[in-house]
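I opened this entry to record what I looked up in the model.

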Amino acid sequence: MTDSLPVDARVVVIGGGVMGCSTLYHLAKLGVRDLILLERKKLTCGTTWHSAAQVRQLRSTNNLTQLIRYSTELYASLEEETGQSTGWTRTGSLSIATNADRLKHIRHQASLATVFGVETHELSPAQAAELWPMMRSDDIIGAVYSPDDGRVNPSDLCAALIKGGKARGARVFEDTAVAGFHVHDGRVSGVQTERGDVSCETVVNCAGLWGRQVGAMAGVSVPLYACEHFYLLTKPIEGLGRHLPTLSDHDGYLYIRDDVDGILAGCFEPGAKALSLDKLPAGFAFDLLDEDWDHFEPMMHNAMHRIPALEQAQVKMLVNGPESFTPDGAFLLGETPQLKGFFVGCGMNSVGVASGGGAGRALAEWIVAGAPTTDLWSVDIRRFAPFHANETFLRARIPEMLSLHYAVGYPGREPQTARGLRKSPIHDRLAAAGAQFGTRMGWERAAWFAGQNDPLPAPLGFGKPAWFDAEERECRAARNDVVLFDQSSFAKLVVDGADAERILQKLCANHVNVTPGTIVYTGMLNKNGGYESDLTVMRLSRERYLLITGTAQAVRDLDWISSAIASTDRASVLDVTSSLAVFSVMGPKSRRLLQELTPDALDNEAFPLFSSREIQLGSATARAARLSYVGELGWELYVPVDMAPGLYDTLMAAGAAFGLINAGTHALTSLRIEKGYRAWGHEVTPDDSPLEAGLAFATKLRSGVPFVGREALLEQQTSGLRRRLLHFKLDDPDVFIMGDEPILLDGGVAGQATSAAFGHSLGASVGMGYVSLEGRRPATMIEAGGFEIECAAERYPISVSLSAFFDPRGKRMRANP
């Protein structure tokens, strides 16, 4: 190679797979100069070169779907721009169902497609067979066809991206392995390679399989791990045809497409095989792993069942190539909280080619703008903590993620592997009481409590859940008596110092210059007025605040606040999550119960809403905070973890006289949706403003006091809202929904649900969702009616309101079902 490695660059992209090439291309397109890409061997080596290269648009969220939609547009246009073909072919995709649950699953996806603007058509088995004549169809009960999906040639795609990047001044250096990094004052400042060092402002880790190891060189946790991924290639099969839609037989764990007149049949199989990179040779590049026919045999039988012609086909090869996966099956994007200027775009979970165009653009925009330009929380690396990069954890969890790649999307599904990372101090007591646990941010959290007649293990399915009766018991107790939620997993941050008030007053949309002992409900907004977090702030003293935020938000919120504290500020922020347990005692009898255990007055005058103070509770001392997320009288009790078991025992013993029972997160969700309480990641996200969410009351917008996002909210007030959060209730009590369905008005798509649950106090499913206003007043739309919700292609009438359907002052649940 004659081109010499520069000593300085603005941005260094590491990795020449599709994510690295796309990120380089889009950075160059955005005008970034002094831009280079380093590849340890050759472009596309590792994973990209052997990708099956399917491009299916529909994903779980609108923003992720739009990333792939952009990919299809980019891949179709790159040849005209660069002169290099990408091999893009619009073939469509065909998803088939062989059982009722799978059919409901793909119909649900088709309903989502109407919200996201993706064209789909539901087909009969006969119509599906016309699109795939060699497919066995006698066991198919339905299908969905997406005509705009397609495929590319991955090597040609990367060549086109690189050509486009180079035309704008980007430079590429192959055979240049990264050996380490330079760091200065908490920020990456350079890259070490075997060919010399490069000073830089920004590093982008797109190293694919090696992403975790590259991150570790910089002291950054990148939670991904490799698995073996298999697909079969056959020699030509007479009469097969070309450019057939990619066939998704997910009940058989298969994807199938034509390939050079033969068949490519790949799988995401049960019992997937993790792969330690230590097993790969040092020079691994355009290599494959050993064929494993014993492992692939069950999938081969499934493929021959679906395509009988495979029984006589000649096998060309069984491809076994390594791919990287993450602990939740979604890829990793964004700036790492551990090292500023160090970005990641890896762990693509076998959707690298499909997502690469859009994800590369999103990552480039994030780098240039200094923040994501849309809500990317579902792929933001800050959803993980450093412990998620533990190799033992990853080796156990990652194969499960591959195996679930094609799983039916049942509500309530939880990972079964690598559990028990973080436990509440009363975990064993809850387990003994029948707790059935879910997991969030490594925490084991009680989802519901099984009684003697509740089925265990609880079967998953659509419709009425197996835990319905247990959830109803817990909701009834919360509405009529008193319950205890163990919410020790709450993220807890202490902001301390002489400048704490000034910093939080700027970050928080609501006033935090309040007297000690006051609790403030607020958001922290981005410059566009969207929510970066939704939290409660307790002022403990003149210079100390305790911030309570969601279980999953600890890393994100710590990073957001830390980034706002300058080196000259007299302030610090500390994550104290693991030092405090939290018991939420909620219900109309909560005051009577707690008053039995404390000499401190708990009446409204002595202990008003949104206040907190330390009180005695039995032999423990706890900080009691009067607020509620269920719409009933209640207190959150914050106690050191070493005192938590004793306090729990005291509460349960005294609570027996008041009907106290344990309650879990399923009941909590139902109760909060009935009362219309918003949740971050659902009703409030980086794309949602307080005005749209109906939370203007929780801001200081009228005060004139500056805060991040204020100017954007003022602009919204002037220009008018384009959409508004509404509450809805299904008219049919026998319909259960999941919380992301299309909301229809007069037969057309008007919005999408953000949360939903069965409202046990109301006897029907309830939820919230955003609806497009199109210049209309929400009240006028509600009065006119005509609202429906679409659940798996079926439409149901809903009642809609600007306020919650449940008012605890006016309605109680019946004492018995």
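**Backbone and core notes**

I first located Pro457, which sits in the loop between strand S23 (443–449) and helix H11 (468–480). I noted that a cis peptide bond joins Leu456 to Pro457, with omega about -10°.

The model is predicted, and I therefore checked its confidence. I found a mean pLDDT of 96 for the protein, with 99% of its residues at 70 or more. I marked residues 812–817, where pLDDT stays under 50. For this stretch the model has 18 contacts beyond four places in sequence.

I then looked up positive phi values. Asp34, in the loop between H1 and S2, has phi near 55° and is not a glycine. I recorded Asp34 as exposed, because its relative accessibility is 56%. Asn349 lies in the loop between strand S21 (342–346) and H8, and its phi is also positive, at about 55°. I recorded Asn349 as buried, because its relative accessible area of 1% falls under 20%.

Next I examined the largest nonpolar core, which has 48 residues. Val13, Leu35, Phe331 and Leu333 have the most contacts inside this core. I listed the elements that each supply at least two of its residues, including strand S1 (11–14), helix H1 (18–29) and helix H8 (352–369). H8 gives the largest share, eight residues. I noted another core apart from this one, of 35 residues, including Trp210 and Ile381.

Finally, I traced the contacts of Phe331 beyond four places in sequence; among them are Leu64, Leu67, Met348, Asn349 and Arg383.

Definitions and conventions
Residues are numbered from 1 along each chain as its sequence is written. This is a predicted model: local features need pLDDT of at least 70, side-chain atom pairs count only at pLDDT 80 or more; totals for chains, interfaces and linings use all residues. Side-chain values use heavy atoms; hydrogens and water are left out. pLDDT is the predictor's confidence in each residue, from 0 to 100. Contact means heavy atoms within 4.5 Å. A nonpolar core is a set of buried Ala, Val, Leu, Ile, Met, Phe, Trp, Tyr and Cys residues joined through side-chain atoms within 4.5 Å. Buried means under 20% relative accessible area, exposed over 50%, partly exposed in between (1.4 Å probe, protein chains only). Helices (H or I, at least four residues) and strands (E, at least two) are DSSP runs, numbered from the N terminus.
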